[in-house]
Amino acid sequence: MSAPEVSVEDLAAARAAGPVPLVDVRQPEEYEAVHVPGATLMPMADVVARIGEVPTAGPVYVICHTGARSQRAADFLRTRGIEAYTVAGGTKAWADAGYDTSQGPLPG
C-alpha cells in the first residue's frame, strides 16, 4: 500500500488551518541542522518501536530530506491503519520554497 504524496504547499496549507502531526524520520544530526518547525523527530530506525507515539486520528505527515525515507515510513504507517502522507521533496523542498525552518535538537 503506497502512501500518497503531498506537496510542501499542501503541508503549509494544512498547517495554516491548525496543528497537524508532522513526523521527521531523518537522523538527529540532520534534524538539528534544519527542520520544519514543530516536527517530531522519529528516526527511520525507530518508527516501528515508536509507532504508539504516532496519532491515529486524522492525517499524519511524514517528512525526511528529499522524500525516499518518508515514503517508506508512511507506507509502513498505512499498513498499520494510520492515514499517513509523505511530503514530496522533503525538508529540502520545504526550505527551498522559502517556508520557515528551525535548527537545534528540539521541535521549534
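Asp 96 is exposed, at 57% relative accessibility; with a 1.4 Å probe and protein chains only, exposed means over 50% relative accessible area, buried under 20%, and partly exposed in between. Before going on: this is a predicted model, so local features need pLDDT of at least 70 and side-chain atom pairs count only at pLDDT 80 or more, while totals for chains, interfaces and linings use all residues. Residues are numbered from 1 along each chain as its sequence is written, and side-chain values use heavy atoms, with hydrogens and water left out.

Asp 96 has a salt-bridge partner, Lys 92, with the closest N and O atoms 2.8 Å apart. A salt bridge here is a side-chain nitrogen of Lys or Arg within 4 Å of a carboxyl oxygen of Asp or Glu. Lys 92 is partly exposed, with a relative accessible area of 42%. Both residues belong to helix α4 (residues 90-96) and are four residues apart, about one turn of the helix. Helices are DSSP runs of H or I with at least four residues, strands are runs of E with at least two, and both are numbered from the N terminus. An α-helix has 3.6 residues a turn, so residues three or four places apart point the same way.

How many salt bridges does the structure hold? Four. Another of them joins Arg 69 to Glu 30, at 2.9 Å from N to O. That pair links distant parts of the chain: Arg 69 is in helix α3 (residues 68-79) and Glu 30 in helix α2 (residues 28-33), 39 residues apart. Arg 69 is partly exposed at 21%, and Glu 30 is partly exposed at 23%. There is also a bridge between Glu 53 and Arg 50, again with closest N and O atoms 2.9 Å apart; Arg 50 is partly exposed, at 22%.

Now helix α3. Its twelve residues should span 16 Å at 1.5 Å a residue, and the end C-alpha atoms are 17 Å apart, which agrees; the expected span is 1.5 Å times one less than the number of residues. Buried residues in α3 include Ala 73, Phe 76, Leu 77 and Arg 78. What do the buried residues of α3 pack against? They pack against β1 (5-6), β4 (60-63) and β5 (84-87), contact being heavy atoms within 4.5 Å. After α3 comes Gly 81, with a positive phi near 85°.

Last, the charged end of Arg 78 sits over the ring of Tyr 85, 4.9 Å from its centre. The rule for that is NZ of Lys or CZ of Arg within 6 Å of the ring centre and within 35 degrees of the ring normal.
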